[in-house]
2 protein chains.
Amino acid sequence: MAHMTDQEIATQADIRPIEEIAEKAGIPYDALEMYGKYKAKVDIHKIQGDEQHSKVVLVSAMNPTPAGEGKSTCTVGLADAFNKLEKKVMVALREPSLGPVMGIKGGATGGGRAQVLPMEEINLHFNGDLHAITTANNALSAFIDNHIHHGNALDIDPRRVTWKRVMDMNDRALRQVVVGLGGVTRGVPREDGFDITVASEIMAVLCLASDLIDLKKKLAEIVIGYTYDREPVTVGQLEVEGALALLLKEAVKPNLVQTMEGTPALIHGGPFANIAHGCNSLIATNTARKLADIVVTECGFGSDLGGEKFMNIKARKGNFAPDALVLVATIRALKMNGGVAKKDLGEANLEALKLGIVNLDKHIENARKFGVEPVVALNDFVTDTDEERDFVLDWCKEQGVRVSLTKVWEHGGAGGTDLAEKVLEVLEMPQNFHHLYEDALPIDQKIETIVTEVYGGDGVIFTDKAKKQLAEIDRHGWGDFPVCMAKTQYSLSDDPALLGRPKGFKVTVREVVAKTGAGFVVALTGDIMTMPGLPKVPSAVNMDVDADGSSTGLF
Amino acid sequence: MAHMTDQEIATQADIRPIEEIAEKAGIPYDALEMYGKYKAKVDIHKIQGDEQHSKVVLVSAMNPTPAGEGKSTCTVGLADAFNKLEKKVMVALREPSLGPVMGIKGGATGGGRAQVLPMEEINLHFNGDLHAITTANNALSAFIDNHIHHGNALDIDPRRVTWKRVMDMNDRALRQVVVGLGGVTRGVPREDGFDITVASEIMAVLCLASDLIDLKKKLAEIVIGYTYDREPVTVGQLEVEGALALLLKEAVKPNLVQTMEGTPALIHGGPFANIAHGCNSLIATNTARKLADIVVTECGFGSDLGGEKFMNIKARKGNFAPDALVLVATIRALKMNGGVAKKDLGEANLEALKLGIVNLDKHIENARKFGVEPVVALNDFVTDTDEERDFVLDWCKEQGVRVSLTKVWEHGGAGGTDLAEKVLEVLEMPQNFHHLYEDALPIDQKIETIVTEVYGGDGVIFTDKAKKQLAEIDRHGWGDFPVCMAKTQYSLSDDPALLGRPKGFKVTVREVVAKTGAGFVVALTGDIMTMPGLPKVPSAVNMDVDADGSSTGLF
């Protein structure tokens, strides 16, 4: 296996017809809409079961290296481990975005012996969900510009259209554009920009809706901009929520696939956790909760990003609680947090490891702040030394936190049974979950709470722009929403260079935007951008496909 | 039926599982990739059969009214009529674009009792083909801008990037844009614009490729712009044809669906005929030719647009010939060509009909210029009077052209058996097909030939810009390509106001662009635009979807 790519391993896997996986999951055949032989959409109205009986295991992580710390791999491996222990388990993941696939990541479906299948289809187009979201988002943009062009009855101020177009691509040249150029027949000129599709409010709406009707209701509540009198204009006023919901009627159904060991997996919704709320759909999670005794789900990046948002946004909107939290850590990431440069991470460095462990310490503390007991999954790498491993394992024991050396990349579920057993211990404990703030707390204080409690900072600096936006949010009565922070994934602070467990810092909030459809307020910090760029040599140049459609280059 | 919408009729149809349709068509089960219960992609490598045994019936039309003349309806109805006559028949159609669906058309899957099913899915997202094309097109744009941003090793002149972005939407505000604004981290500023996806060269490439490998070869040959030294830069030089082909590996497979009477239908590829070459994919047509004795296929708009391009581009690239040509005509369109305003088309007007019939006359002449014998299908409307019908039928008989009053909208295949029998007479005749020009004829003379022979004009005026572009095309050795005219569908000329059978006009070619991947040269005439706009009240505002996913507003 040493010289095989993830894609080669996936190709050799014994993939089962999706009907077989559905049967194992307890999904009736007539609830399946087949997408080829190995993927299906699931009609949630045909799924029976009580969500309350199920335990939810959330997989989060410490602050990662740019290459990631293997969180998807550990999530899949942990589910396969539960499967090996004969638990009725399902895994609920996010769908990959084509932008990173074409850019730097190649694929986003786990690795080694812990992958979801069919990896190629999941990484490319995957049942059209992201395309449907892109289309609905950009149809709305077209409807807005068309409304302004044809007389502008709603009095929309073209300078105050907040709804941006999107593309499921890393494309920096679209970050800031001017549209409507070229004269009267080409619309009204205005500044615009494209976000990556996963940052679209429609992605958030789809991930937080309980069903198609709730989706339509939330779509109608989206604010697309403001009138010349600075009053909000909604999708409902444009009367297109029906058309947008129609465009999303298939995308709203969760997608059933399988792990390499045949564990049923629902992959649905894909917001990033640095620029969006970072969790798979509530519909998929709840469907899995109805079907399985244990649901293993992940959220993006560390406990400061996807973790915090899972607790404060998804669990709040869905009115449920995570029963255990797995923190994925790697010796590489710990050393990076101890000051080692990326190129030197393959070399043993116990001193750096000792310095960097404070990062993990803060993520453990964060889990406990929400009343959820963490289990550390030390994701094994071939470059790790025994001395380094022992240090981390001993340190965890000293802190009184469960830890497991996890070898799911190499061994699949068998490499994660120790982890699974430790998680089972936590699942036996009484639930003690709570959010970090109440709905009624003002937005600025919610942000303050996240920064001081979760990031470990001293406070928040709001720019003048952000202060004005906060006042407007208050005036419009949107102060009860939870907050969705946009922040770098590399640091607990808003500065990607501050590694380890930074202290004494303040976080600058440069912009605050209400997403009234999704029902949260986004706070933008640092120079985080909602449209990534491609690297000098994108992974696309290594991709190819042959006559029978089999491909290479997806890693 | 009088008060039912097409969508209501479609919903009540007895739709059969797609496996049944495949079996009827002779497609083996293991060649099917299911997309739900009623749609499948077909693996063409698993289809046996000799393309030469099949007869191809091309459905074209006279110049239409803005509401269309029912060409898709007649195409479906004619295929169902052959089915009723117990012929082994398949129908090959283009896929709808979401732009017109959201804008003015509602749906594009036929009407009344002559529709393809499932109409809702075909009109929306349909197996992701157009989304894959949009994605590949825009990925290429991102790769180009990324290349320029990261040092521009190929020396691409940002002012001479000819590759445009696309959106499957009617969105006039995107016709002319500036991208790359906002400083160093946001790319290199340049002028750009969006076409509608169906106008993408990738759509043309997909429609003219013989298989996935040929597709990749053609993608590599696409010219995306020019260097500062005015030398062409290709996709092959950017080394991304593998990634683009990978993105298109499912889209390249034809889609199997059914008519309301269970006739197998392949719907694949969807270029418009006014701004692109206007025919469904060669792969789908050839697959249908392998399987059926008679293939009924349509091309967009009149014999001056899709008809001419089917003959001079598709038939040439595919090395086959149409065996008969059906010309769809309506009394409404004939009256419009006789000078009646759109709002008055419902009123009897024999004098206008007599004036407008010259339009049909020219389309009959055009078919015969290619050596293909036409059959006129007079598509019946409730507002037509007996006197009007008799005039058209008598006139056709006087001209020595076969004609049939066609009632497929009301009666399905049963309303088209007379038409089918007349087409069968033509299919018995010896084939006499020829193109209108040879490859070696210079581009300007090819355009001249089309304008004088097909449009009935006196000649062509090339703008100075077009003349320079012709010289460059010649210099680069692209003079052997056929020509793809971009022209209004409403007139035989380049002026939509010149109805009937205009004479004494010249056509102005304002721009000439080589599409080196598709292998044709586009000549832009009049003010035809490659990105449509939405009407003041888009059909989207009438669309809705309910809890179980059933929809309204798709007509």
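Me: What makes strand β18 (residues 374–379) of chain A and strand β19 (residues 402–406) of chain A a pair?

Reply: In this predicted model, five bridges join β18(A) to β19(A), which run parallel; since two strands pair if DSSP finds at least two bridges between them, β18(A) and β19(A) count as a pair. Within this pairing, A:N379 stands opposite A:T406.

Me: Why is the β-α-β crossover from β18(A) to β19(A) called right-handed?

Reply: The chain passes from β18(A) through helix α15 (residues 386–399) of chain A to β19(A), and the term right-handed applies because, with the strands pointing away from the viewer, the path from the first strand over the helix to the second runs clockwise.

Me: Why is B:E298 called buried?

Reply: B:E298, which lies in strand β16 (residues 294–298) of chain B, has a relative accessible area of 3%, and buried means under 20% (exposed is over 50%, partly exposed in between, with a 1.4 Å probe and protein chains only), so B:E298 is buried.

Me: What makes the pair of side chains B:E298 and B:R94 a polar contact?

Reply: They are joined at 3.2 Å, and a polar contact is a pair of N or O atoms within 3.5 Å, of which, within protein, one must be able to donate a hydrogen and the other to accept it, while residues adjacent in sequence count only if both atoms are side-chain atoms.

Reply: Local features need pLDDT of at least 70, side-chain atom pairs count only at pLDDT 80 or more, and totals for chains, interfaces and linings use all residues. Residues are numbered from 1 along each chain as its sequence is written, chains are lettered from A and ligands numbered from 1 in the order in which they are written, and side-chain values use heavy atoms, with hydrogens and water left out.

Technical notes. Helices (H or I, at least four residues) and strands (E, at least two) are DSSP runs, numbered from the N terminus.
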